[in-house]
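I opened this structure to see how it is put together. These are my notes, in the order in which I looked things up.

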Amino acid sequence: MNNAVPPNPYSPYATADPDTRHLFPIPPELGPPTPGTLLFAGCHGLAVVPDDPIEIDPATEQLPHGLCMPCVDSLRGLAHTDTRPLTDCRVCCHITRNNSLCATCRATAHHLWQDTRVTAVPPPAPQTDPSQKERS
Ligand SMILES: [Zn+2]
Ligand SMILES: [Zn+2]
């Protein structure tokens, strides 16, 4: 079986693992998420919605390679607690788990970056999370 899925599109403001494909636990009645937007994925990280969404049946064991397993777990209804440290957003001062830049400010900066390819708000350095490394 060789059906690997590519990771989500790049954004300097994404916080989810850039090497895996993240899934968006959005109720079907809300419709598919808009491609190109920076949204919370099932693993609590922020990832860019790809142009070609993949349909995953979370009940099947035959999942394609390259998926973020915490995202799959969230589709299966297994909630993961968000254990990332709380910090102040350095732009709007809201409390955030997204490494010094909150989800709202990241989404705003991401859209600006997409239009202009200029990082008006410098993205914070990636957080080193020891629990992330244990998986690989
Ligand atoms: Zn994920
Ligand atoms: Zn903010």
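I needed one term before anything else: a residue is buried if 20 or more other C-beta atoms lie within 10 Å of its own, exposed if 12 or fewer, and partly exposed in between, with C-beta atoms placed from the backbone. Helices (H or I, at least four residues) and strands (E, at least two) are DSSP runs, numbered from the N terminus.

Entry 1, ground rules. The model is predicted; local features need pLDDT of at least 70 and side-chain atom pairs count only at pLDDT 80 or more, while totals for chains, interfaces and linings use all residues. Residues are numbered from 1 along each chain as its sequence is written, and chains are lettered from A and ligands numbered from 1 in the order in which they are written.

I looked up pLDDT, the predictor's confidence in each residue, from 0 to 100. The chain has a mean of 88, and 91% of its residues reach 70 or more. Confidence is highest in β2, at 97, and lowest in helix α3 (residues 130-133), at a mean of 52.

Entry 3, the whole chain. I found three helices and four strands, which follow the pattern β-β-α-β-β-α-α along the sequence. The C-alpha atoms fill a box of roughly 45 × 30 × 30 Å along the principal axes. The radius of gyration, taken over C-alpha atoms, is compared with a globule rule of 2.2 Å times the number of residues to the power 0.38. For 136 residues a compact globule would come out near 14 Å, and the chain's 15 Å agrees with that. Buried residues make up 24% of the chain.

Which residues of α2 are buried? I noted R106, A109 and H110. Seen down the axis of α2, the buried residues fall within an arc of 110°, so they line one face of the helix; the arc is that of the directions from the helix axis to the C-beta atoms. D115 and T116, on the other side of α2, are exposed. The buried residues pack against β1 and β2. I also checked the length: the expected span is 1.5 Å times one less than the number of residues. For the 14 residues of α2 (residues 103-116) that gives 20 Å, and the end C-alpha atoms are 20 Å apart, which agrees. Just after α2, R117 takes a positive phi of about 60°.

Why does H110 count as buried? H110 has 23 C-beta neighbours inside 10 Å. A contact means C-beta atoms, placed from the backbone, within 7 Å. Leaving aside neighbours within four places in sequence, H110 is in contact with S11, Y13 and L38. H110 and V48 are 62 residues apart along the chain, with their C-alpha atoms separated by 9.2 Å.

A nonpolar core is a set of buried Ala, Val, Leu, Ile, Met, Phe, Trp, Tyr and Cys residues joined through C-beta atoms within 7 Å. The largest one has 14 residues, and those with the most contacts inside it include A14, L38 and L46. The elements giving two or more residues to this core are β1 (38-40) and β2 (46-48). β2 gives the most, with three residues. Not counting residues up to four places away in sequence, A14 touches L38, L46, A47 and V48.

I placed T81 in the loop between α1 (69-75) and β3 (87-88). T81 counts as exposed because it has 6 C-beta neighbours inside 10 Å.

Terms used:
Contact = placed C-beta atoms within 7 Å.
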